[in-house]
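Have a look at it first, then read on.

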Amino acid sequence: MPPTHDYHVHSTYSDGKFLYRMLRAAEDAGLDAVGFADHCNASAREEARERTYQLGFNLDLTYPRRRAAIDSLREQFDVRIFDAVEMDYDPRDEDEIRTFLDDAGFDYAVGSVHRLDGTNVHTEGFFAAKSETEQQTYVDDYFDKLVSLVDSELFEIAAHVDLVERNPALRGYATPSHYERVADAFERSRTVPEINAGRVLRDYGEIHPSPPLLQLLLERGVGFTVGTDSHRPRELRERLPVLLDHFEEYEIEPVRLFD
């Protein structure tokens with residue numbers, strides 16, 4: 001079964017392009033279904049709320065409007081559309097996340113660990129200025145949070161499960177022990193990791209998860225959803241064939257959340 005359901009695409013309701021342009025790209029790429037999982041933060045912590053306001057990621061307020069827009073577009077495109085969300089996860093915010101997801105009623109939720117010490121994992125300069133001991137501690141913290149995310153059972157999908165590998169200042173600190181903990185968590189959870197192509201055609205040049213973690217998860221019988229993590233139409237068109245090849249190379253049949 002080819003991976004023709006892409007569960008991780010963004011729109012202008014966070015940091016992507018117009019819904020109709022992403023849908024046109026999904027059709028062009030031969031997808032049967034696409035899920036809009038725009039960024040969202042439900043934390044009540046002042047630091048997190050201030051950051052959300054600064055970024056303009058307001059899906060916690062605008063999701064009804066996006067839902068109406070999705071409904072209005074369904075008849076215009078020959079592709080199934082999922083109304084989803086990519087939630088920032090921090091263990092301190094679990095109660096707020098659970099309440100928000102219960103109230104919002106998305107088709108599914110993607111959980112992501114994006115920040116360490118209040119800083120986006122992608123911010124190379126911040127982490128490069130730290131000592132090797134501090135860098136190792138940040139990677140330890142990342143995997144602690146990832147395991148908590150999986151154990152929380154709040155999400156159907158866990159996104160880019162070794163995100164720290166994208167940052168050269170944090171790359172290479174992940175250990176077999178980290179991977180064993182992650183594999184244990186997914187093996188006992190309903191949450192499914194994705195194979196994510198968000199940086200495969202950019203500076204990182206790899207697919208998540210990296211081969212050692214991917215192989216371990218496969219050995220544990222863990223399945224994977226497809227996530228191009230596209231923010232622009234061109235990204236969706238270009239990343240999907242790379243993901244197809246990756247699934248074929250590892251002989252993986254993608255998980256579909258819905259029949």
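Q: Which residues lie nearest the centre of the second largest pocket?
A: Keep in mind that this is a predicted model. The second largest pocket holds about 170 Å³ of space, and 14 residues line it. By class, that lining has one nonpolar, three polar and 10 charged residues. Nearest the centre lie R45, R51, Y89, D90 and R115.

Q: Which residue forms a salt bridge with R45, and how far apart are the closest N and O atoms?
A: Side chains of opposite charge can pair when their charged atoms come close. A salt bridge needs the nitrogen and the carboxyl oxygen within 4 Å. R45 has such a partner in E47, and their closest N and O atoms are 3.7 Å apart.

Q: Is E47 buried or partly exposed?
A: Buried would need a relative accessible area under 20%, and exposed one over 50%. E47 comes in at 42%, so the label is partly exposed.

Q: Where do D141 and K145 lie?
A: These two form a salt bridge, with 3.8 Å between the closest N and O atoms. D141 is partly exposed at 26% relative accessible area, whereas K145 is buried at 11%. They're four residues apart, about one turn of the helix, and both lie in helix α6 (residues 132-152).

Q: How many residues apart in sequence are the parts that R220 and E187 tie together?
A: R220 and E187 form a salt bridge, the closest N and O atoms being 2.9 Å apart. R220 sits in the loop between α8 (211-219) and β9 (225-227), while E187 belongs to helix α7 (residues 176-187), so the pair links parts separated in sequence by 33 residues.

Q: Which residues do salt bridges with shared partners join into one network?
A: A search of the whole structure turns up 25 salt bridges. Some of them share partners, and the network they make consists of R45, E47, R51, D90, R92, D93, D141 and K145.

Q: Which element gives the most to the lining of the largest pocket?
A: The largest pocket has a volume of about 500 Å³. Among its 27 lining residues, D15, H39, F57, H114 and N120 are the closest to the centre. Two or more lining residues come from each of β2, α2, β3 (80-88) and α9 (233-249). The top contributor, with three residues, is α2.

Q: Leaving aside neighbours within four places in sequence, which residues is A44 in contact with?
A: A44 is in the loop between β2 (33-40) and α2 (46-55). Its C-alpha lies 7.1 Å from that of a residue 52 places away along the chain, E96. With those sequence neighbours set aside, the contacts of A44 are R49 and E96.

Conventions: Residues are numbered from 1 along each chain as its sequence is written. This is a predicted model: local features need pLDDT of at least 70, side-chain atom pairs count only at pLDDT 80 or more; totals for chains, interfaces and linings use all residues. Side-chain values use heavy atoms; hydrogens and water are left out. Contact means heavy atoms within 4.5 Å. A salt bridge is a side-chain nitrogen of Lys or Arg within 4 Å of a carboxyl oxygen of Asp or Glu. Buried means under 20% relative accessible area, exposed over 50%, partly exposed in between (1.4 Å probe, protein chains only). On a 1 Å grid over the protein atoms alone, a cavity is a set of points where a 1.4 Å probe fits but cannot get out, and a pocket is an open set with protein on both sides within 12 Å along at least five of seven lines; lining residues have an atom within 4 Å of a point. Grid points are joined across faces, edges and corners, and a volume is the space filled by probe spheres set on the points. Ala, Val, Leu, Ile, Met, Phe, Trp, Tyr, Cys and Pro count as nonpolar, Asp, Glu, Lys and Arg as charged, and the others, Gly among them, as polar.
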